[in-house]
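Please keep the sequence and the structure in view while reading.

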Amino acid sequence: MEKADIFARNRAFWGRERQELLAGKSLFVAGMGALGCVVAEILVRCGIGEIVIADRGIVDPPDLNRQTLYTLNELGESKVGCAAGRLRTLTGQTRVVPAKVSIGDDDIAGLLAGCDGVADCLDNFPSRFALEDALPAGTFMVSGGLLGDYGQLTTILPGRTARLKDLFARPDNTGRVTPVTPPIVFAVGSFMAQEILDNLGGTPQLAGVILAIGMSCLFTERVPIDAS
Amino acid sequence: MKVQVKSFFSVLSGGKPVVRTLDLQEGTTAEDAMKLMKVDFSDGAIILINGRPSNEKSVLSEGDFFVVMPPVSAA
């Protein structure tokens, strides 16, 4: 199938120039759990040129309520291997690079080099802070989180916005089983994907702003952060 | 002194963010205000005072706008 056919509806909305811009971009997705799966799938369907997906985990039964790239057929298999296989079948237009790494333990500088941006979809604070420390200059990071049916996201621009490390006072979710419902996963993942598109286009909406989303009351709210 | 507090912790039990104006003594910290708002700080928080990232030991001042949000990660 022609590439032009696959992205016809995208191009009809945002035009040929933006479609071509996306084809030349690369994204690093840290963590291929709930948010990583949604973000990666949306960016591939948007037509991004390359996506590097990083996770060290395997597919477990409790993942299947929200981690959309995995099925019963992949239980016990490597997440990045399964996700790469699925992502490559969606459009055939994105180079998918699986990386079975532990962020915070393994050196990811080589994987980050050449990426235009990072999606922070990690489930623990030490790894998120290590990822932030490893961000190359000029790279953006869209960072998201979930709890129950509530979520938050923001854009980190090194040297220009507050750091994650400064934002979170004494965070500790180590070893906890986090309650999460499917609707908030899709909501936050979709907002993250849109914010990544906007960063790639040079117009982030959430640099210095936290977007809070609550599903029970269907509320969204922007909370400004003063980094001065 | 009067301090306005907005807590997003209420959304974890299905509500909307709660805003209250507290009448506090001089020297009150963010942690003291969170206790008054019944915010469970055991897993940490995002603490913004007049938009600035702060921590639980930060001392509040007259007219401050104090926002506290849950510390969430992906899952």
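Of the 228 residues in chain A, 54% are buried. The model is a predicted one, and the description below starts with the overall form of this chain. Its C-alpha trace spans about 50 × 40 × 40 Å along the principal axes. The secondary structure of chain A amounts to 8 helices and 9 strands. The chain has a radius of gyration of 17 Å, close to the 17 Å that the globule rule gives for 228 residues, so chain A is as compact as a globular protein of that length. The accessible surface of chain A is about 9,900 Å², and carbon and sulfur atoms account for 52% of that surface.

Contacts along the sequence can be viewed next. Taking the contacts in chain A between residues at least 6 apart in sequence, 66% join residues at least 24 apart.

The sheet comes next. In what order do the 8 strands of the open sheet in chain A lie? The order is β3-β2-β1-β4-β5-β6-β8-β9, and the pairing is mixed. The edge strands of chain A are β3, residues 95–99, and β9, residues 219–224, each of which pairs on one side only. From one strand to the next, the twist averages 15 degrees.

Strand β1 of chain A, residues 26–30, pairs with strand β2 of chain A, residues 50–54, in the parallel sense, and the pairing extends over 5 bridges. Within this pair, Phe28(A) has Val52(A) of β2(A) as its bridge partner.

Two helices can then be placed against the strands. Helix α3 of chain A, residues 34–46, lies across β1, β2, β4 (117–120) and β5 (140–147) of chain A. Its direction is at about 135 degrees to β5(A). Helix α4 of chain A, residues 79–90, lies across β2 and β3 of chain A, and α4 runs at about 175 degrees to β3(A).

The last part concerns the partner chain. How many residues of chain A are in contact with chain B? There are 41, and they meet 30 residues of chain B. The area buried between chain A and chain B is about 2,700 Å², with carbon and sulfur atoms giving 60% of it. Tyr150(A), Ala169(A) and Arg170(A) supply 21% of the area that chain A buries against chain B, more than any other three residues.

Technical notes
Residues numbered from 1 in each chain as written. Chains lettered and ligands numbered in written order. Predicted model: local features only at pLDDT ≥ 70, side-chain atom pairs only at ≥ 80, totals over all residues. Heavy atoms only, no water. Pairing = 2+ DSSP bridges. Helix = DSSP H or I, 4+ residues; strand = E, 2+ residues; numbered from the N terminus. Axes fitted to C-alpha atoms, helices over the stretch in contact; angles between N-to-C directions. Contact = heavy atoms within 4.5 Å. Rg over C-alpha atoms; globule rule 2.2 N^0.38 Å. Buried < 20%, exposed > 50% of the residue type's maximum accessible area, 1.4 Å probe, protein only. Areas by Shrake-Rupley, 256 points an atom, 1.4 Å probe, with all protein chains shown as cover. Buried area = accessible area lost by both parts, 1.4 Å probe.
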